[in-house]
Structures are given as structure tokens and as C-alpha cells.
Amino acid sequence: MEVLQRTANRGSISTGYDIDNSLKFESDNSEYLKAEGRPAGNQQTWTWSCWLKRTEVNNGVVAQYMFSAGSDGKLGLYFRDDSSSTGGDTIFIYVDEGNSLKWIGELRVSFRDTSAWYHIVFAVDSTDGTAADRTKIYVNGVQQTITFNATLNQNSNTRIGDSGGKLSIGAKMDGSYEFNGYMAEVVLVDGSQLTPTSFGEFDDDSGIWKPKDVSSLSLGNAGFYMNFDDSSNLGKVQTGTNQGNFDLYNIAAADQATDTPTNNFCTWLPLWTYTNMATIGNGGTSSIGGGGSVWRGAKGSMGVSKGKWYWEQKASGSDTIVGWQTDNCISASGSNSHNVLDTVSFYEGGNFLWIKDSTSGRNADSASGTHANGQIVGCALNLDSDPQTVTFYRNGSAIISDRNIDGLANKTLFPQTSHYNQTSDANFGGYTNFTISSAASDANGYGTFEYAPPSGYYALCTKNLAEFG
């Protein structure tokens with residue numbers, strides 16, 4: 001696990017090669033890709049490679065498929081989270097040997113880090129004389145130990161490239177057990193069992209695993225490469241031979257994202273330890289309140305202690321608090337998520353600034369303008385000024401300006417939201433569930449916002465953090 005954490009790609013290093021787009025998958029919307037009628041390929045030897053970022057984990061869902069193949073989806077690689085999974089959210093491997101299902105085994109490591117991108121390589125060669133080498137899995141450039149339940153029979157055929165067969169991405173073949181998160185640079189190499197160095201490399205300075213250009217990689221007869229760069233055709237195959245595009249199932253142009261392995265954006269943390277944690281959805285950008293007459297909240301995956309930062313939020317109702325907090329999860333009073341120390345936020349329904357710090361809990365600075373449900377609140381944090389300040393915007397106009405953040409100064413602050421029985425959609429710039437019409441970016445060209453960030457303020461992404469954070 002230490003190796004996985006050390007080599008996890010959080011997009012904070014200079015890669016020399018940039019990935020511009022990813023595709024967001026959401027199980028609540030039954031989103032996945034599927035191709036049918038694919039040509040025959042080498043069913044004995046092949047390699048699957050994909051970069052992915054998970055957003056919903058440890059949530060009671062039995063399985064989340066990375067990909068599946070065959071008419072009944074008996075070949076599959078997926079995250080499993082139930083009593084069969086050792087520790088939860090481990091990777092299970094199933095391979096179809098000529099319409100005979102075989103559970104190969106499990107990677108007994110929990111994959112629950114939603115703040116980083118994983119690179120998964122699944123390499124198969126049933127002709128290998130060593131049974132354990134017929135299936136290999138690498139994560140972030142490091143070969144993983146498979147706890148085998150069985151091994152492939154030598155020279156057996158799998159269903160990955162059978163004539164007339166099918167292949168799905170982000171779900172099982174029938175559309176069940178959908179993946180939650182982002183995928184980028186999906187590659188199938190037909191006829192070769194490759195190592196991860198065909199797709200990535202370790203950074204010389206940091207030791208972090210990073211992607212490299214695969215557009216010229218030899219893919220074989222039935223291989224393909226997808227980079228999701230065309231929002232009008234997100235099932236498009238970029239390069240390869242003898243295969244068509246993938247069909248879209250409940251995927252729209254808005255599901256294209258700029259959250260990638262080379263520029264990782266902030267999202268809500270699904271495992272934030274708090275009594276009334278919100279349910280996380282839509283690429284880690286929606287926090288969803290449940291019943292029980294309580295306020296539920298969420299905390300962002302990226303904290304900052306210097307720089308100037310901006311993000312947006314849109315709620316379905318007025319009982320929403322949105323802003324910034326420290327990593328301190330001590331309850332100031334009661335069980336409501338916005339009573340966590342230390343917080344500086346805007347209370348939309350009350351139309352005022354909400355401050356909680358180590359010495360007080362108080363309301364301050366009534367906002368200008370009039371509240372209405374569904375308006376977009378911009379959150380701008382200035383940690384370079386003296387004193388450090390916060391400004392809130394409503395639909396692009398400042399309603400609370402340059403407010404001294406008092407007891408929260410000189411601390412590491414994270415995006416925070418709290419809401420009562422409603423859904424709150426955040427936009428950190430990499431993806432959002434609410435409609436964007438203006439597509440404004442920060443001065444570095446990062447992020448897609450409804451309103452342009454104030455001059456000198458930047459999106460919470462790792463390329464900006466590397467420069468200003």
C-alpha cells in the first residue's frame with residue numbers, strides 16, 4: 001500500500017505530456033460505453049490500460065466495473081466492496097475461457113483514494129508456460145500480487161476479441177454494476193502482453209508514476225485507443241484498426257471533463273469522517289442531503305495555505321452553507337455539519353456570512369442582493385493578502401467583499417458545504433453537474449466556470465497548486 005500511495009498520480013508534477021480530457025461515469029445515471037460486432041482479435045494475448053479516478057467508494061455497491069467483454073460479460077475487471085472483498089474496494093478478476101466463467105483472483109489492496117488517479121494495466125497471455133504469469137496486473141507502474149483462486153488454462157481463448165463479441169467500458173455488458181468516477185486514455189492492445197512502461201513512466205525527481213503519449217503505440221488488429229477529446233462523440237476511437245466507435249449509454253457531451261492524470265481537480269471526499277456526511281455523486285461534485293431532519297456536509301479533497309482560489313456552487317434550495325474550513329473536524333455544537341471548527345462560509349438562506357472559529361460562532365456581514373433558489377455562489381479565498389480575506393459572489397456579482405477571515409488565518413483551508421435535505425452541486429472547474437453556458441477559465445486557462453474567476457484567482461487543480469500553492 002505504501003508503494004501505491006507514493007506512486008499515486010495527483011497531477012502535481014510536470015509530466016512533459018498532457019492529457020486534456022477524461023470521461024465522467026455515474027452509476028445513478030446508468031452511464032457506460034459499449035461496442036458490438038467487434039472483429040476477431042488475438043483471444044490469447046492482449047493488454048488493457050486505463051487511467052481512472054474513483055469518486056464513490058465504500059458505499060455499499062457490490063461492484064464497479066472498469067470493463068467487461070463477451071456477450072454475457074463473463075470477462076471483467078472491477079472494484080468489489082462486500083463480504084467477499086478482503087478489506088473492501090479491492091480489484092476482482094474474472095476471465096471467460098470459451099464461455100466458461102473463471103474467477104482468477106483478487107488484489108487484496110483497498111483502492112479508496114479518491115484524491116488521486118490510478119493507472120491500471122491488465123496484461124494477459126494464456127500461452128505462457130508459467131500459470132501465474134498468464135494474468136498480470138500493474139497499478140501505478142508496479143506489478144501487484146494476485147491472490148489466485150484459479151489460473152488460466154494454457155492456450156485458452158478469452159472473449160476479449162472474439163468475432164461478433166462485445167466490449168463495455170464503465171459497466172458490465174448488460175449495463176449493471178456501473179463505475180463511478182473518471183476514465184482517461186483507455187487502450188486495448190491486441191496480440192501483446194505489455195508492461196506499464198508502454199503507457200507511463202516514473203518521474204525522475206518525485207518517483208511518481210505519470211502518463212506518456214500512447215497515440216503511436218502498435219495496437220494490433222483489434223486494439224483501440226480512446227482519449228475522449230470530442231464532446232460531440234465521446235465514444236470515438238482515436239487510433240487502431242478494424243474497429244468502430246463505442247455506443248453511448250446515457251452519456252452526453254456534458255460528461256466530458258478536464259479532470260485528468262496530468263491536471264487533477266478538487267472533488268468532494270466520500271470518506272470524510274463526520275456524523276452527517278452527505279452522499280457524494282456526479283464525479284465527486286454533488287453532495288446530496290438525506291432525510292432525518294439534519295444538515296449534511298462535505299469537504300473538498302484539496303487544501304490550501306497560500307494563493308488565491310475560486311470555485312462555484314449551485315444548490316436546489318436555500319438551506320445551504322458554502323465556503324471554506326480547516327481540516328479540524330471537531331464539532332463546535334450540536335451535530336450539524338456546518339458546526340465544524342473552523343469554518344468561514346456564506347449561508348444562502350440567511351443571506352449572511354457564517355463564521356466558526358476556536359473562540360466563537362457568529363453571524364457577520366449581511367449580503368447584498370436577494371436570495372433565490374438555484375443561484376450560483378462564487379467562493380473566492382485570498383491567502384496572499386494581509387489580512388487574509390474571503391469574498392462571495394452571487395451570479396457573478398460580489399455580495400460580501402474582502403472579509404477578514406479572523407481565526408482561520410494562516411491555516412490550511414478546504415472547500416466545504418452543508419445543506420438541509422437538498423442537493424448541492426459544486427464546480428471546482430474539472431466537471432460540474434449544473435449547466436455551464438459561458439465556459440470561463442482562470443488566467444492559466446484551467447477550469448470551466450459559469451463566471452470568470454476574479455483577476456488573480458485560480459481553480460483548485462494541481463497544476464495551479466504547483467505554481468501558487
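Me: Let's start with N250. Which loop is N250 in?

Reply: N250 sits in the loop between β18 (247–249) and β19 (256–257). Keep in mind that this is a predicted model.

Me: Is N250 buried or exposed?

Reply: N250 has a relative accessible area of 52%, and the cut-off for exposed is over 50%, so N250 counts as exposed.

Me: What about the backbone at P387? Which residue does a cis peptide bond join to P387?

Reply: As a rule, most peptide bonds are trans. Here, a cis peptide bond joins D386 and P387, with omega about 5°. P387 belongs to the loop between β28 (376–382) and β29 (389–394).

Me: Let's walk through some. Which residue does D18 pair with?

Reply: D18 makes a salt bridge with K463, and their closest N and O atoms are 3.2 Å apart. D18 is in the loop between α1 (2–7) and β1 while K463 is in helix α2 (residues 462–468), so this pair ties together parts that are 445 residues apart in sequence. D18 itself is partly exposed, at 43% relative accessibility.

Me: And which residue does D89 pair with?

Reply: D89 forms a salt bridge with R54, where the closest N and O atoms are 3.1 Å apart. D89 lies in the loop between β5 (75–80) and β6 (90–96), and R54 lies in strand β3 (residues 45–54), so the two tie together parts 35 residues apart in sequence. Check accessibility too: D89 is buried at 2%, and R54 is buried at 1%.

Me: What partner does D96 have?

Reply: R159 forms a salt bridge with D96, the closest N and O atoms being 3.0 Å apart. That links distant parts of the chain, with D96 in strand β6 and R159 in the loop between β11 (147–148) and β12 (166–169), 63 residues apart. Both D96 and R159 are buried. There is also a network: K24, E31 and D255 are joined by salt bridges that share partners.

Me: On to the inside. Which residues touch the most other members of the largest nonpolar core?

Reply: The largest nonpolar core has 43 residues, and W48, F122, I169 and F224 touch the most other members. Take I169: beyond its neighbours within four places in sequence, its contacts include F25, Y32, W48, M66, M183, F224 and F246. A second, separate core has 32 residues, among them W272, M277, I399 and Y458.

Me: One more thing: how do I compare distance along the chain with distance in space? What separates G41 and G165?

Reply: G41 and G165 are 124 residues apart along the chain, and their C-alpha atoms are separated by 10 Å. G41 is in the loop between β2 and β3, and is partly exposed at 22% relative accessible area. Setting aside residues up to four places away in sequence, G41 touches G161, D190 and A222.

Me: And how far apart are T423 and A459?

Reply: T423 and A459 are 36 residues apart in sequence, with 22 Å from C-alpha to C-alpha. T423 is in strand β32 (residues 423–427), and counts as partly exposed at 28% relative accessibility. Leaving out residues up to four places away in sequence, T423 touches S286, S287, I288, K314, A315 and S316.

Notes
Residues are numbered from 1 along each chain as its sequence is written. This is a predicted model: local features need pLDDT of at least 70, side-chain atom pairs count only at pLDDT 80 or more; totals for chains, interfaces and linings use all residues. Side-chain values use heavy atoms; hydrogens and water are left out. Helices (H or I, at least four residues) and strands (E, at least two) are DSSP runs, numbered from the N terminus. Buried means under 20% relative accessible area, exposed over 50%, partly exposed in between (1.4 Å probe, protein chains only). A nonpolar core is a set of buried Ala, Val, Leu, Ile, Met, Phe, Trp, Tyr and Cys residues joined through side-chain atoms within 4.5 Å. Contact means heavy atoms within 4.5 Å. A salt bridge is a side-chain nitrogen of Lys or Arg within 4 Å of a carboxyl oxygen of Asp or Glu.
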